[in-house]
Amino acid sequence: MTDMAWIDAALTAARPQVLGALLRYFRVLDAAEDAYQEACLRALKTWPVKGPPRDPAAWRIFVGRNFALDEVRRRNKQTSLPEEDDIAPETQDTQSELADRLDESQYRDDILRLLFVCCHPELPATQQIALALRIVSGLTVKEIARAFLVGESAMEQRITRAKARITAADVPFETPGAPERAERLAAVSTMIYLLFNEGYSASGGNAHVRVPLCEEAIRLSRLLLRLFPANSEIMGLLALLLLQHARAGARLDAENNIVLLEDQDRSRWDSGLIAEGLALVEKAIRHRRVGPYQIQAAIAAVHSQVKNAAETDWAEIDRLYEVLEAIQPSPVVTLNRAVAVAKLRGPGDALTMIEPLAKKLEGYFYFFGVKGALLTQLARNEEARTAFNRAIALANTAAEAAHIRLHLDRLQKDSAPQAGTPERQAT
Amino acid sequence: MLYSILCYESEALAAGRTKQEDDAMMGRLANVLVKFKGEGKLGPVARLMPTTTATHIRSGKEPAVIDGPFAETKEQLLGFYVLDCPSLEDAIAAAKLLAAEKPHGTLEIRPVAVFNPVEPSL
């Protein structure tokens with residue numbers, strides 16, 4: 001007995017593995033995708049009648065491969081193919097024999113390669129993400145277009161262009177050595193992180209549309225960690241995404257206004273995601289191989305562990321940002337650290353810290369949000385107003401602009417109000 | 001007799017469920033547990049975190065600590081129930097009620113040989 005829901009779930013779950021193996025055989029994305037489609041169609045025809053094969057993933061890899069080889073044969077009858085490629089998984093015995101030949105570690109490199117071809121450095125980040133969603137996650141173009149808030153045909157074009165570009169690019173198909181593997185992992189991790197941010201930073205009326213992007217990023221980082229279970233940076237990446245996503249339900253109020261981290265109703269945080277994130281942070285730290293994702297996850301963990309914002313251990317957050325600044329210096333990291341410094345030593349020190357960043361962050365919404373908030377706390381209202389106006393001009397969403405307007409309104413009413421800071425700093 | 005009901009499922013399949021689907025399934029399972037509690041047979045229930053959070057300690061003179069999961073097996077232990085049932089038949093009937101609420105996976109019934117030389121503190 002094989003119900004369709006099971007078949008559907010099994011097909012989706014093994015998609016990266018099957019498509020990754022087919023890509024290794026054919027080296028061309030379109031050919032691998034065609035073979036994959038055909039294998040799925042045949043599975044949908046065969047499995048409900050005959051029951052699922054012992055290894056559903058291996059079954060599809062062989063069916064897909066043979067289909068494509070048949071195509072080649074049909075086109076070129078002259079070419080003879082090696083005996084080995086002639087085998088079809090007709091009986092359970094040949095099937096399991098063939099499955100045994102597929103090395104587990106090869107699956108791992110197949111999936112990593114599939115993810116990596118989506119991360120070609122020539123592709124802009126948005127195209128990398130769209131491609132990964134289409135190819136690895138198997139989302140439809142319509143679903144991706146919806147998540148990116150663009151039309152379906154525009155997204156279709158974007159994906160087609162991106163595919164053409166990576167087809168022209170030269171991704172090696174040999175089993176990667178340790179340095180290549182590490183390089184691929186880093187590129188893929190960055191892509192997953194950007195995918196998550198694409199879903200996370202979107203606020204306001206469309207927030208609900210973009211939650212699937214966050215969930216997909218979490219799913220991909222879980223996949224990556226299952227492949228590389230002892231890699232502490234991937235533990236850190238998954239932990240970071242889980243701890244941030246845990247707050248999703250509290251980040252917007254009923255009217256879709258942004259709720260700052262310090263004002264969020266923490267009872268609405270997802271305690272299950274937090275517990276898993278904390279477990280992963282703890283596990284990662286045991287490895288004593290510090291990395292940027294682990295530190296960011298550790299910072300998120302500090303916030304996750306206190307019941308109300310007033311108990312936040314800002315000294316610990318400042319210390320963690322100091323480490324992050326040392327291993328991955330960036331003006332955005334310093335900006336985030338300044339928020340902790342403001343809590344610890346006051347807005348004056350924090351302002352001194354961010355002033356040198358003005359040139360580098362002149363187009364960055366959060367810079368002016370933080371600057372305005374610090375100036376407000378120092379009762380330098382006129383300068384605060386200028387900073388907030390600049391922030392509104394740079395806002396990415398209506399909700400961000402509305403949030404800054406709230407600050408401006410308060411400045412109008414009160415000369416020294418309590419200013420909040422955009423929640424994104426305190427990730 | 002105490003029976004443990006161990007839930008095995010492909011983690012990749014479980015990870016494919018949306019939060020809504022998962023919440024709905026856990027809600028239906030909770031209803032079955034309410035029934036068990038009414039019958040006085042419900043013991044501890046645990047949902048285990050994904051195997052990516054696992055740590056393995058290999059036994060020996062100097063135990064080694066290894067990150068899980070090991071090489072991909074098809075199904076992983078994702079959680080367990082402990083029920084007090086008068087017979088295996090009864091335990092099977094109880095497990096069937098749970099299985100009916102889950103889309104895939106296997107439940108394994110293993111009688112519990114209690115090892116409680118020390119009073120638990122939880």
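Analyst: Strand β1 of chain B, residues 2-9, is mostly covered, since six of its eight residues are buried, where buried means under 20% relative accessible area with a 1.4 Å probe and protein chains only. This is a predicted model, in which local features need pLDDT of at least 70, side-chain atom pairs count only at pLDDT 80 or more, and totals for chains, interfaces and linings use all residues. Residues are numbered from 1 along each chain as its sequence is written, chains are lettered from A and ligands numbered from 1 in the order in which they are written, and side-chain values use heavy atoms, with hydrogens and water left out.

β1(B) runs antiparallel to strand β5 of chain B, residues 76-84, and eight bridges join them; here B:Leu6 faces B:Phe80 as its opposite in β5(B). With strand β6 of chain B, residues 106-111, β1(B) also pairs in the antiparallel sense, over six bridges, and B:Cys7 stands opposite B:Leu107 in β6(B). Strands count as paired if DSSP finds at least two bridges between them, and strands themselves are DSSP runs (E, at least two residues), as helices are (H or I, at least four), numbered from the N terminus.

Chain A, by comparison, has 20 helices and zero strands. Helices α7 (residues 125-135) and α9 (residues 152-168) of chain A pack at about 95°, their axes 9 Å apart, and α7(A) and α9(A) are therefore roughly perpendicular to each other, a label given to angles of 65 to 115 degrees.

Notes
Axes are lines fitted to C-alpha atoms, for helices over the stretch in contact, and angles run from 0 to 180 degrees between N-to-C directions. Angles under 35 degrees count as roughly parallel, over 145 as roughly antiparallel, 65 to 115 as roughly perpendicular and the rest as oblique. Buried means under 20% relative accessible area, exposed over 50%, partly exposed in between (1.4 Å probe, protein chains only).
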